[in-house]
Amino acid sequence: IRDIGVTGVQTCALPIFTDEYLPSKLEYQAYVRKVVERYDGDGIDDADGLLRPIFAWEVDNEPDLHYKASKKNAQKSGQSTERKTGKAAQSSSSQRSGQRGKAGKRNPPPRGKASTRYPRGPKGAAGPGSQRNSADENAEDLFQTPEEYASVFEWTKEAVHHADAKAKVIPAGIISMTETLGQTYLSDVVSNLAPHMRPDVANIHVYLERYGENQLYTAIENAQTALPGARIWVTETSAPSGAVGSDHAVGQRGQAALVARVIFGALASGADLVLWHSLADPPIVYDDENNVMAESNSLYVGRDTDIIKGPNGYNVFDNLHPKLSASTFAKVASILQETEEDGVTFSSQSTKTLRVVQLQFLDGSVGFIAWSNDPSRQQQTLSLELPAKHQSAWESISLVADGEDLTDKLVTTLPSKKLKNKGGVVNLRVTREPLLIRPKTSSRD
């Protein structure tokens with residue numbers, strides 16, 4: 001958790017469409033080397049005004065989604081999409097250096113249209129760096145296959161490390177890791193990589209509905225299976241606020257509760273990193289301000305009265321308004337700052353319907369995060385056994401602030417309650433809104 005030097009909030013999207021995936025290796029690697037050099041902060045050809053160097057590069061974005069779309073299109077056309085895993089490409093692969101590239105989701109390649117730069121060879125072979133052995137001639141219609149992505153990943157890793165040997169190169173976020181397709185896609189990518197190119201991070205995206213955080217546990221488990229021994233990064237996850245029931249929105253309080261459940265639940269399940277998507281939505285003027293709340297997965301909201309013109313002519317916000325979820329996020333971050341690096345684990349008292357996460361604090365004390373994980377039971381009673389050496393006065397603190405709407409500033413004082421310690425056990429009511437349970441005499445007070 002650190003200051004990344006954000007001086008403004010600005011969003012610009014440039015849709016780029018293509019019917020081919022593999023670029024020219026030499027041209028692509030030259031581009032990657034220049035981009036990495038520009039942002040590595042080594043004082044050589046750095047961008048003007050660079051505040052923080054970039055130390056990690058993600059290669060592309062959600063390739064399994066593009067691959068899945070091309071398979072669906074082929075199936076709609078009555079084509080077979082069964083394939084044999086190709087031999088690992090011996091050259092290398094590509095990166096997503098700054099471009100989000102999600103426009104490709106809407107533009108899978110037209111059927112039968114092969115690459116003009118790399119004409120398809122026999123059995124669907126596709127250009128330099130890719131040895132695509134296909135089970136049938138229709139494999140040429142598939143887009144961003146595991147074999148192709150493996151090539152791009154290797155090319156990128158080579159180029160990034162040529163410019164910055166210390167930089168980390170991570171694979172694209174897999175959006176379908178809750179499905180067999182996502183797990184299989186990542187496994188096939190890894191099988192097509194040279195051993196020294198194998199990533200040490202599995203990157204996943206999981207978007208949640210009202211009671212969907214169990215999807216996150218499934219995705220983490222599948223990622224651990226697909227890439228054994230790798231660290232798990234959840235680089236995109238969130239749920240929309242707004243009126244409950246509208247487009248799977250969870251409401252302001254529901255979103256705030258999900259922030260705590262998702263972050264602590266993911267870390268306890270083995271994830272090393274969790275990023276909420278996102279800080280704020282782009283500065284678009286809405287006719288009805290309530291639409292912002294109904295659609296937004298963000299932690300903050302900018303109103304139309306907060307929009308100003310930035311130095312390059314784009315709209316930017318000069319003020320942001322925290323939602324309840326922003327206050328929860330800030331509280332969760334402060335708790336984690338006081339916690340040992342590997343000090344977030346599921347307690348032995350945790351069950352599938354009543355989650356209990358144990359926290360090992362830096363000062364040697366122990367705390368807990370508890371919530372109901374049963375949608376049919378909004379409230380449950382938890383009899384929490386306390387560690388013998390910490391059987392003192394305890395308290396519970398809600399991780400969701402009072403209220404239902406936007407606030408002008410972060411809420412730092414959250415509802416708390418003194419707990420009765422009866423022989424090393426405290427009894428408390430647990431809801432979907434997580435509670436922090438800790439010794440009241442802790443040095444953090």
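Strand β16 contributes the largest share, 5 residues, to the lining of the second largest pocket (helices, H or I with at least four residues, and strands, E with at least two, are DSSP runs numbered from the N terminus). The structure is a predicted model, in which local features need pLDDT of at least 70 and side-chain atom pairs count only at pLDDT 80 or more, while totals for chains, interfaces and linings use all residues. Residues are numbered from 1 along each chain as its sequence is written, and side-chain values use heavy atoms, with hydrogens and water left out.

A pocket here is an open set of points on a 1 Å grid over the protein atoms alone, where a 1.4 Å probe fits, with protein on both sides within 12 Å along at least five of seven lines; lining residues have an atom within 4 Å of a point. The second largest pocket has 21 lining residues, and Ser 396, Lys 417, Leu 428, Arg 429 and Leu 435 lie nearest its centre. At least two lining residues come from each of β14 (394-398), β15 (416-419) and β16 (425-431). By class, the lining holds 7 nonpolar, 6 polar and 8 charged residues (Ala, Val, Leu, Ile, Met, Phe, Trp, Tyr, Cys and Pro count as nonpolar, Asp, Glu, Lys and Arg as charged, and the others, Gly among them, as polar).

Helix packing comes next. Two packed helices are described by the angle between their axes and the distance between the axes. Axes are lines fitted to C-alpha atoms, for helices over the stretch in contact, and angles run from 0 to 180 degrees between N-to-C directions. Helix α1 (residues 25-39) and helix α3 (residues 146-163) have axes that come within 8 Å and cross at roughly 45 degrees. The two helices α1 and α3 are therefore oblique to each other (angles under 35 degrees count as roughly parallel, over 145 as roughly antiparallel, 65 to 115 as roughly perpendicular and the rest as oblique). Their crossing is right-handed, that is, the near helix is turned clockwise from the far one by less than a right angle. In this contact (heavy atoms within 4.5 Å), the residues of α1 include Tyr 28, Val 32 and Val 36, and those of α3 include Trp 155, Ala 159 and Ala 163. The contact of α1 with α3 divides into 8 nonpolar, 3 polar and 4 charged residues.

Helix α5 takes part in two further pairs. With helix α4 (residues 180-191), α5 packs at an angle of about 25 degrees, the axes being 9 Å apart; α4 and α5 are therefore roughly parallel to each other. Gln 183, Leu 186 and Ser 187 of α4 meet Asn 222, Thr 225 and Ala 226 of α5, giving 2 nonpolar, 4 polar and no charged residues. The axes of α5 (residues 213-226) and α6 (residues 251-268) come within 10 Å and cross at roughly 20 degrees. In α5, Glu 213, Leu 216, Tyr 217 and Ile 220 touch Leu 258, Arg 261, Val 262, Gly 265 and Ala 266 of α6, a set of 6 nonpolar, 1 polar and 2 charged residues.

Two backbone features complete the account. Most residues other than glycine have a negative phi, and most peptide bonds are trans. Glu 62, in the loop between β1 (56-59) and α2 (63-76), has a positive phi of about 50 degrees. The peptide bond from His 277 to Ser 278 is cis, with omega near 20 degrees, and Ser 278 belongs to the loop between β5 (271-276) and α7 (290-295).
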